[in-house]
Amino acid sequence: MLTERISEALREATVALGAGSARFRLDRPRDTSHGDLATNVAMALAGRLGRPPREIAGDLKARLTGIEGVERIEIAGPGFLNFFLEAGAVGGTVQAILGRGVRYGRNEDGGGQRVMVEFVSANPTGPLHLGHGRQAALGDAIASLLEWSGWTVHREFYFNDAGGQIRRLSVSVRARYLQLLGHDVAVPEDGYQGEYVSEIAAALIEKDGRRYEDDDGDIALEAMRRYAVALLRSEQERDLAAFNVRFDEYYPETRLYSEGLVSSTISKLRETGLTYREDGALWLRTSAFGDQKDRVMVKSDGSPTYFLPDVAYHMTKWERGFHDVINVQGSDHHSTVDRVRAGLQALDRPSGYPEYVLHQMVTVEHGGEEVRFSKRAGSYTTLADLVAEVGADVARYFFLMRRPEAHLTFDLDLALDQSDRNPVYKVQYAHARLCRLFKLADERGWVADHDTLMNADTSLLTDPSEREVVKQLAEFPALLRRAAAGRAPHLVCDYLEKTAGMVNSWYQTSHPTRNPELSTLVEDPGLRAARLGLAGAARIVLDNGLTVLGLAAPERMVRDD
RNA sequence: GUCCCCGUAGCUCAGAUGGAUAGAGCGACUGCCUCCUAAGCAGUAGGCCCCAGGUUCGAGUCCUGGCGGGGACGCCA
C-alpha cells in the first residue's frame, strides 16, 4: 500500500544521500496540519551525516518526487518531512481493505513456522479463578495474534495430576467423604477448604457408596485422587468452553513419569557433570547459568521436586518440534523462570528458551470496594461466576485491555454497564451500527454488494471526517504486527476503542439530522457507494479486530433491559 | 537484604526502535434527536509524566541513585 511505497522511496533516497540504510519512523501525526504521514528520518540521520536535519530534509524532499498518491511534501519543525496525500490515495485503502476482507490485517511474518503457547495450566485442585481467566484470555489472544502473523500455533494446557498438592486434595476429599458419612474428621489445615470438595465427596458417595469408609490406605486415596482430578478437569473444561477457549493438547504430569521422561532427564543431567549430592539430595548447578542459587532436583526422601518434571516437560516441547515456545504464567511463578531455563541450558537448549509472558494478579471492584463473590471456592472468585455475571465477551475484553505486567482491577460496575461507557459495547455497537447501514440500504432497494463497493469512486471521500477514519483503518495491519511481536493484545483493545470512537464520530457528523449532505445513504449512487465502501471497510476492521481477541462482532445489539 | 514488575488527569489506564502542543475512558460541567439505533456526538475543566542527577539537537520513553506500591526469593507448586 501507499505507506510501503513511501517507506521504500525514503530508503532509496537515504541511500542516494550516502547515509546507507537508516531506522526511521513513518506514521500518522496527531495534528492534521502536519500532513497525512510524517517521518523523522532527517533527524535520525543528522548525527551520522553531521549536517543539520532541515538541510537533510531538503535534500530528501528533492529526491522524493513523483510518488504516486502523494500530493505534496513539506519540511516542518526541527526537520520532519510531512506527506500530504491525494484524496484518491486515501480512498484507495478502502478498496484494499474491502478486497482483503476477513484476511485484512494478516501477515506472513511467521512463515508458517510452529509455535507453542502454553497457558492456563491450572492444577485440578479446584475451580478456575480470575487469574486463570486473565491467563486464558491472554494466552488465547496471543496465540490468535501469532496466527494472524503467519505462525502455526499449538495451544497447550499442562497440569499436575500427581504430587503434593494433589495428595492434599485427595486427603481433603476423604475427610469430607467421611464427614458426610457421619464421622468426626477434620479437613487438614493445609488441605482444600472450599465447598466444592464436599460436592466431590458427595458425588463420590452417589457413585461408589460407602466403599471407602473403612479404608484409610492408599487404595482409597488413589480412588479419591482419580475421581477428584477427573471431575475438576471436566469442570475446568466446561468453564473454559463457556469462556470460548479451546486447547489443542492437554499434557498431564503423570505422562512424564509413565513415559520415563523424568528418569531419563535425571540421567542426562547427571551426564553433564553439573549435578552433585548434598544433605542427601541431588542438586543441579543452575547457578552456572545465571540462576541465583543451585536447585534441588531430587529430594533427600527420593522424590523429585517440581523443578525436574518441569525441565523434562520443556524438553518434550522441544523434542515435539516446538523451538518457539511461549509460556503464559502468573508473575508468582517468576522465580521458576531462571531455574527452568538454567536446567534446559544444562541440556544445551538456547538461553532464551522458553519465552515467558508473566502477568499480574486480578482483583474485582464493585462500588469502589474489592469483592469476592465465590460461593464455592471459599478463598477466591471463580471464573465461572464472573462469566455468568458479565458474559464471556466482556470478561475476555476486560482481561485483555491492560498490559499483562500491570495489576488488573476488574471494574464490575463498568463491566455490567450496557452503555458505550463499557468499551466492549462501544466497539461492538459501532460494528452493529455499520451493519445497520447496509441493512437500511438493502431495505431501500439500493445495491451495496461487494462489486458495487469495489468499483466505487473513493476519491469522493474528501471530507476530513471521512479521511481520518480511512487513515485509522489503514494502520490496522501494522498495529496487529506490533501487538503480535510484543505479545501485547491490549494494543488491539486500545486500537479498537479508538477506531470505534472515530467511527461513531464519523457516523454522528454524517448523520442526516446534522449534515444531510454528508449522510451515507444519499440519493446519489456514486457518493453512496463510496461512503458505504468506507462503512464496509470500517466494519471489516472492527470485525477482524474483535475476532483476533476472540470476541463476537454482532450485527445487532440487543439490550437486556 | 537480593531479584523482577509498577509509579502518567480526581479514579482506572494507554503511550512501537527517544520526536512536533503527553492521550482515552470513567467522574464533573455545557450544548445537540421530526431524520441511518442518542447504547451516540461536539465542547469545557482537569498534568512539577514519583524525586534527583546524567546521556543529546530533543527524554514520559534510555542510564545511575533514591522514594512509594506489588510480587518472588523452600528438599512447596
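1. Let's start with Phe157: at 0% relative accessible area, this residue is buried (buried is under 20%, exposed over 50%, partly exposed in between, with a 1.4 Å probe and protein chains only). Keep in mind that this is a predicted model, where local features need pLDDT of at least 70, side-chain atom pairs count only at pLDDT 80 or more, and totals for chains, interfaces and linings use all residues. Residues are numbered from 1 along each chain as its sequence is written, chains are lettered from A and ligands numbered from 1 in the order written, and side-chain values use heavy atoms, without hydrogens and water.

2. Searching the whole structure gives 16 aromatic pairs (rings of Phe, Tyr and Trp, the last by its six-membered ring, with centres within 6.5 Å; planes under 30 degrees apart are stacked, over 60 edge-to-face, the rest tilted). Phe157 and Phe247 form an edge-to-face pair, because their ring centres are 5.3 Å apart and their planes stand at 90 degrees. Phe157 belongs to strand β6 (152–159) and Phe247 to the loop between α8 (218–242) and β7 (249–252), so the pair ties together parts 90 residues apart in sequence. Helices (H or I, at least four residues) and strands (E, at least two) are DSSP runs, numbered from the N terminus. Phe247 also counts as buried, at 11% relative accessibility.

3. What do the ring pairs link into a cluster? The members are Phe119, Phe157, Phe159, Phe247 and Tyr250.

4. Arg396 is over the face of Phe243, 5.6 Å from the ring centre. Arg433 has its charged end over the ring of Tyr507, at 4.6 Å from the centre.

5. Now for His366, in strand β13 (362–366). This histidine is partly exposed, at 36% relative accessibility. Neighbours within four places in sequence aside, His366 is in contact with Val371, Leu412 and Asp413 (contact is heavy atoms within 4.5 Å).

How values were computed: A charge sits over a ring if NZ of Lys or CZ of Arg is within 6 Å of the ring centre and within 35 degrees of the ring normal.
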